[in-house]
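Work through the following exercises with the sequence and the model side by side. Try each task before reading its solution.

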Amino acid sequence: MSGPADPAGCETRKAAVRVRLAQIAGPDPEEDREFFRALWECFAERVPEELGALENALRRGAARDVEMVAHSLKGGAQNLGGTALADLLLALELDARTGRLQARTDAVAEVRREFDLLSRSFALVVDAEVSGGPRPGDAGCAQGNAAGLPAPRAERRP
Amino acid sequence: MAKVMVVDDNAEIRMLLQARLRQSDHRVMTAASGEEALSLLAERGAPDVLVADVSMPGMSGLELHAMLRADPAFAAVPVIFLSARVEPADVAGGQELGAVYLTKPVVLSALMCAIDAAVADAEAAAAALESSW
């Protein structure tokens, strides 16, 4: 649980990302930095489209579609240490499977918020731990995408 | 070294597995769906091991497994399921098919062990068949 010193839960998210990146690390840390960035970009690129599909499926009450999209995003989130995002998506997946979608009108906004936090946490971990230390201005995940990872499309909305 | 086919609709998971399996000296072919996997198998022949996601749009990993088992050319290909479905019933369902069932997020060391074991088992089975003649 996050305390007052960590209002955005940044450290919790960074810790989960750190654990996951250690699990999928290769033999060369320098290569890993670029590889992790590429993995993130690959995931982030499909998120806006899938969130749109999720929103659409929720509006239609298409439980099977909600379940499939939530499941797919959950797998991607888990793959990169996004445990909080994966938990949200798992809850949505289970609600879809058990016919409890009526109360989930805010689900996409929640997922989008959590994705943005994960994006920042992931960037901070990759920058700070693979290249040897944080850059000036890396104050925390609430401060933005400080590590220069490509901004996910969800963040590029006007 | 083994020829490994990875079937997963998530591009970043295909990217991760392809990179790490190649670093372990495996030859890797990837497919984004069960349908694409069948097409590639028909074109290039059987891999030593097939690693498949269970829940994919279109043909599921379970359906892909059934198609392989029904085809004499691919019936003996060991299958490792990789899934974010972690409920006991899902795991048991995969194992009942005779496949290894690993849950996501993938633990690379477990996947490498499963691949090595599957290849060794297949080689032992082939050798046993050969010696029975």
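The exercises below go from one chain as a whole to the packing between chains and then to single residues.

This is a predicted model, in which local features need pLDDT of at least 70 and side-chain atom pairs count only at pLDDT 80 or more, while totals for chains, interfaces and linings use all residues. Residues are numbered from 1 along each chain as its sequence is written, chains are lettered from A and ligands numbered from 1 in the order in which they are written, and side-chain values use heavy atoms, with hydrogens and water left out.

**Exercise 1.** Describe the secondary structure of chain A and state what percentage of its residues is buried.

Solution. Begin with the elements, which are DSSP runs numbered from the N terminus, helices being H or I of at least four residues and strands E of at least two. Chain A has five helices and zero strands, and from the N terminus on they run α-α-α-α-α. Next, take burial, where buried means under 20% relative accessible area, exposed over 50% and partly exposed in between, with a 1.4 Å probe and protein chains only. Of the 158 residues in chain A, 50% are buried.

**Exercise 2.** Find how helix H2 (residues 29-60) of chain A is placed against helix H1 (residues 11-23) of chain B.

Solution. First compare the axes, which are lines fitted to C-alpha atoms over the stretch in contact, with angles from 0 to 180 degrees between N-to-C directions. The two axes come within 8 Å and cross at roughly 155°. Angles under 35 degrees count as roughly parallel, over 145 as roughly antiparallel, 65 to 115 as roughly perpendicular and the rest as oblique, and H2(A) and H1(B) are therefore roughly antiparallel to each other. Then look for contacts, meaning heavy atoms within 4.5 Å: the residues of H2(A) that meet H1(B) include A:Phe35, A:Leu39 and A:Phe43, and those on the side of H1(B) include B:Glu12, B:Met15 and B:Leu16.

**Exercise 3.** Which residues touch the most other members of the largest nonpolar core?

Solution. A nonpolar core is a set of buried Ala, Val, Leu, Ile, Met, Phe, Trp, Tyr and Cys residues joined through side-chain atoms within 4.5 Å. The largest one has 56 residues, and A:Phe43, B:Leu17, B:Val51 and B:Ile115 touch the most other members. Its largest share, eleven residues, comes from H2(A). Another core of 21 residues lies apart from it, with B:Leu50 and B:Phe74 among them.

**Exercise 4.** Is A:Asn79 buried or exposed, and with which residues is it in contact beyond its neighbours within four places in sequence?

Solution. A:Asn79 lies in helix H3 (residues 63-79) of chain A and, at 2% relative accessibility, counts as buried. Leaving aside those neighbours, its contacts are A:Arg20, A:Ile24, B:Glu12, B:Ile13, B:Leu16, B:Pro105 and B:Val106. A:Asn79 and A:Phe43, 36 residues apart in sequence, are 9.4 Å apart in space, C-alpha to C-alpha.

**Exercise 5.** Describe the backbone at B:Pro105 and at B:Asp25.

Solution. As background, most residues other than glycine have a negative phi, and most peptide bonds are trans. B:Lys104 and B:Pro105 are joined by a cis peptide bond, with omega about 5°, and B:Pro105 is in the loop between strand S5 (100-103) and helix H5 (108-131) of chain B. B:Asp25, in the loop between H1 and strand S2 (27-31) of chain B, has a positive phi, near 70°, and at 54% relative accessibility it counts as exposed.
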